[in-house]
Amino acid sequence: MLEIQRIRVKNGTKKMVYIGPDAYPMPAFLIAGKEEGKTILVTAQIHSGEYPGTPAVIRIGKSVDPEEMKGNMILMPCVNVTGFQSGYNTRIPEDDGNLNADYPAAGKPVTDCISSFFMKEVFPKTDFILDLHSGGLSEPLTPCLFYPALSVTEESLAVGKKLDIPWLLASENKKGHFSYAAHVMNIPGLLLERGFGSLCEEEWIHAYEKDIRLAMDALGILSCGFRGTCAKEVIRSVRYLPFEEDGLWYSKVKPGEEIVKGQILGHTEDYFGNILQEYTAEEDGIVLYGNGGLKAAKGHLAVAYGRNAYREVLP
Ligand SMILES: [Zn+2]
């Protein structure tokens, strides 16, 4: 049996309901397998405007047969509901909270009540978390995932290695949704990234459906009958290059591109076309994601690249 907020789901059945704080109901598929087993939590749109995970979660919620499952699923296709509905990008519109950085969220009452709900009501029932993201509006990326590097690392990587995602990146964040669960509550999990640009391509949705099924298979909840086939590398250190000034940004690299030390990654200009600064690679690496738009804002990310010295090809 699965029970969340006094909603009881009998073995071999599912419920489509709203759960969450009274003031912030969120849609959820609560699915209890016929046999007891592990419970997976799958969340999408922690960041509003990161779309491909949402239809994937809905399709899985509709299609899985709990009679065939050993274990449970808590599927939440749209966590930041108000952000999604209002077109507010990434954050919680009521208080500008970021669910990938504000666990807990002191001084941000709506974000705090959502994160508290997960900490108190959902995480204690969860054995593994998949959190589905996508590149932001101007943030092209190559499919990648983040695993917790400071706790429950091997349990998390064991599932990550079964997915069809080529880059497995270490995260030391302790204040995000999945990373708080991992690093503070010792619940393994992964943050997945596919697609970008606030687009919702069928190819990305379908890939996310496969990721969820591969994770269920790896956790023994439901076998999927296929395997992840892409070559994979673990990258234990990522370099995040921030802008040092405001300006116009002209990128010269693409996600997935190998770069060498000293290579120009892009440059900023002023409104009159004068170069402000060139940004160069400090070491050899692989571009993972970055700013693909025109606006450079001081302190915001220009380019993220995996450092070659910390790359390990998986067998
Ligand atoms: Zn995100």
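In which sense do strand β5 (residues 35-44) and strand β6 (residues 70-76) pair, and over how many bridges? They pair in the parallel sense, over seven bridges. This is a predicted model: local features need pLDDT of at least 70, side-chain atom pairs count only at pLDDT 80 or more, and totals for chains, interfaces and linings use all residues. Residues are numbered from 1 along each chain as its sequence is written.

**The open sheet**
- An open sheet with mixed pairing is formed by 10 strands, in the order β3-β4-β6-β5-β7-β10-β8-β9-β11-β20.
- β3 (13-19) and β20 (311-313) are at the edges with a single partner strand each, so one side of each has no neighbour in the sheet.
- From one strand to the next, the twist averages 20 degrees.
- V42 has L75 as its bridge partner in β6.
- Helix α4 (residues 153-160) packs on the sheet and touches β7 (128-133), β8 (144-148), β9 (167-171) and β10 (189-193).
- The direction of α4 makes about 160 degrees with that of β8.

**Around strand β19**
- Five of the seven residues of β19 (residues 301-307) are buried, so this strand is largely enclosed by the rest of the structure.
- Strand β12 (residues 238-242) pairs with β19 in the antiparallel sense over five bridges, and V238 stands opposite G306.
- Strand β17 (residues 285-290) also pairs with β19 in the antiparallel sense, over five bridges, with Y289 opposite A304.

**Terms**
- Helices (H or I, at least four residues) and strands (E, at least two) are DSSP runs numbered from the N terminus, and two strands pair if DSSP finds at least two bridges between them.
- Axes are lines fitted to C-alpha atoms, for helices over the stretch in contact, and angles run from 0 to 180 degrees between N-to-C directions.
- Residues are in contact if their C-beta atoms, placed from the backbone, lie within 7 Å.
- A residue is buried if 20 or more other C-beta atoms, placed from the backbone, lie within 10 Å of its own.

Key: Two residues are in contact if their C-beta atoms, placed from the backbone, lie within 7 Å. A residue is buried if 20 or more other C-beta atoms lie within 10 Å of its own, exposed if 12 or fewer, and partly exposed in between; C-beta atoms are placed from the backbone.
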